[in-house]
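I am opening a notebook on this structure, and I will write down what I looked up in the order in which I looked.

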Amino acid sequence: MGDFLGAVTAYPTVVFTFALVVVAAYWLLVLLGGAHFPVARAGHHGHGAGAGHHGHGHGHGHGHGGGRHGHGGLQRVLGLGGVPITVAVSLVVAFAWFSALTGRVLLGSGDHGALLPAALVGGWAGARLLAWPLRRLTPAPVPPPSRRDFVGLGCVIRTGRVGPDFGQAEVHAVDGSSATVQVRQSLDDAAGPDGAALRAGSSALIYDYDAEGEFFWVMPAPPATG
């Protein structure tokens with residue numbers, strides 16, 4: 001037992017021992033629910049389409065993309081892409097610690113100068129070997145929700161009128177969530193032979209999104225058939 005503790009606390013194993021303790025503490029927090037495990041969650045939409053039930057989701061969906069791409073690019077270069085960054089780092093630390101410990105035991109009191117880089121290489125090789133089966137178990141990343149997801153959906157007008165400069169409607173997303181969005185109807189649609197003025201309670205169809213004005217173009221919903 002004393003020899004094992006001596007090897008664990010000796011250079012270079014001690015470098016990875018501290019890192020392994022941090023990794024173990026992190027995963028303990030994950031198991032206890034005190035930390036967030038970053039995996040993609042399918043089916044979650046938070047559309048920031050107006051003053052509605054979830055008006056912040058769209059902005060949040062794009063807010064941290066740069067950080068994810070930065071980590072993802074480095075992971076792909078190292079052959080560790082496709083798994084969460086926390087998993088990749090944990091695997092590298094665990095395998096590096098085991099490599100350093102094994103090398104320390106095998107070399108005994110010999111020269112340990114090259115053991116640190118060798119342990120890092122061992123950590124990377126072991127992590128890359130396990131990353132291949134693990135990425136098959138990791139859910140595919142879900143594209144961030146977009147306001148354009150509402151295009152093609154039906155909605156219910158919630159304001160007294162809808163024109164080219166004013167209007168709101170309630171729309172239900174595919175996941176069942178709802179939002180109140182800004183909508184507009186062109187004068188040509190309202191005055192056309194098949195057009196109709198949209199008022200509170202009217203059913204409408206969202207057919208386009210104006211990114212500059214941050215509103216949706218709507219038209220009267222076609223009559224139900226069947």
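Predicted model: local features only at pLDDT ≥ 70, side-chain atom pairs only at ≥ 80, totals over all residues.

**Entry: overview.** I looked up the elements of the chain and found seven helices and five strands, which run α-α-α-α-α-α-β-β-β-α-β-β from the N terminus on. Of the 226 residues in the chain, 32% are buried. I also checked the contacts between residues at least 6 apart in sequence, and 58% of them join residues at least 24 apart.

**Entry: helix 2.** Which residues of helix 2 are buried? I found Thr13, Phe16, Thr17, Val23 and Val30. Seen down the axis of helix 2, these buried residues fall within an arc of 135°, so they line one face of the helix. As background, I recalled that an α-helix has 3.6 residues a turn, so residues three or four places apart point the same way. On the other side of helix 2, I noted Phe18, Val21, Val22 and Leu32 as exposed. After helix 2 comes glycine 33, with a positive phi near 85°.

**Entry: valine 83.** I located valine 83 in the loop between helix 4 (65–77) and helix 5 (85–107), and its relative accessible area of 7% means that valine 83 is buried. Arginine 135 is 52 residues from valine 83 in sequence, yet the two C-alpha atoms are 5.2 Å apart in space.

**Entry: salt bridges.** How many salt bridges does the count come to? I found three.

In one of them, the side chains of arginine 147 and glutamate 214 meet at 3.8 Å, N to O. This pair links distant parts of the chain, 67 residues apart, with arginine 147 in the loop between helix 6 (115–137) and strand 1 (154–157) and glutamate 214 in the loop between strand 4 and strand 5. Arginine 147 is buried, because its relative accessibility is 14%, whereas glutamate 214, at 43%, is partly exposed. I also noted that glutamate 214 has a positive phi near 55°, although it is a residue other than glycine.

In another, arginine 158 pairs with glutamate 170, and the closest N and O atoms are 2.8 Å apart. Arginine 158 is partly exposed at 48%, while glutamate 170 is buried at 18%.

I then turned to the salt bridge between aspartate 165 and arginine 161, at 3.7 Å, N to O; aspartate 165 is exposed, with a relative accessible area of 53%.

**Entry: arginine 184.** I placed arginine 184 in strand 3, residues 178–184. Arginine 184 is buried but has no salt bridge, and the nearest side chain of opposite charge, aspartate 165, is 6.0 Å away. What I did find is that the side chain of arginine 184 reaches the backbone oxygen of glycine 167 at 3.4 Å. Leaving out residues up to four places away in sequence, I listed what arginine 184 touches, including Val162, Phe166, Phe215 and Trp217.

Conventions: Residues numbered from 1 in each chain as written. Heavy atoms only, no water. Helix = DSSP H or I, 4+ residues; strand = E, 2+ residues; numbered from the N terminus. Buried < 20%, exposed > 50% of the residue type's maximum accessible area, 1.4 Å probe, protein only. Lys, Arg positive; Asp, Glu negative; His and termini not counted. Salt bridge = Lys/Arg side-chain N within 4 Å of Asp/Glu carboxyl O. Polar contact = N/O pair within 3.5 Å; in protein donor to acceptor, adjacent residues only side chain to side chain. Contact = heavy atoms within 4.5 Å. Arc of directions from axis to C-beta.
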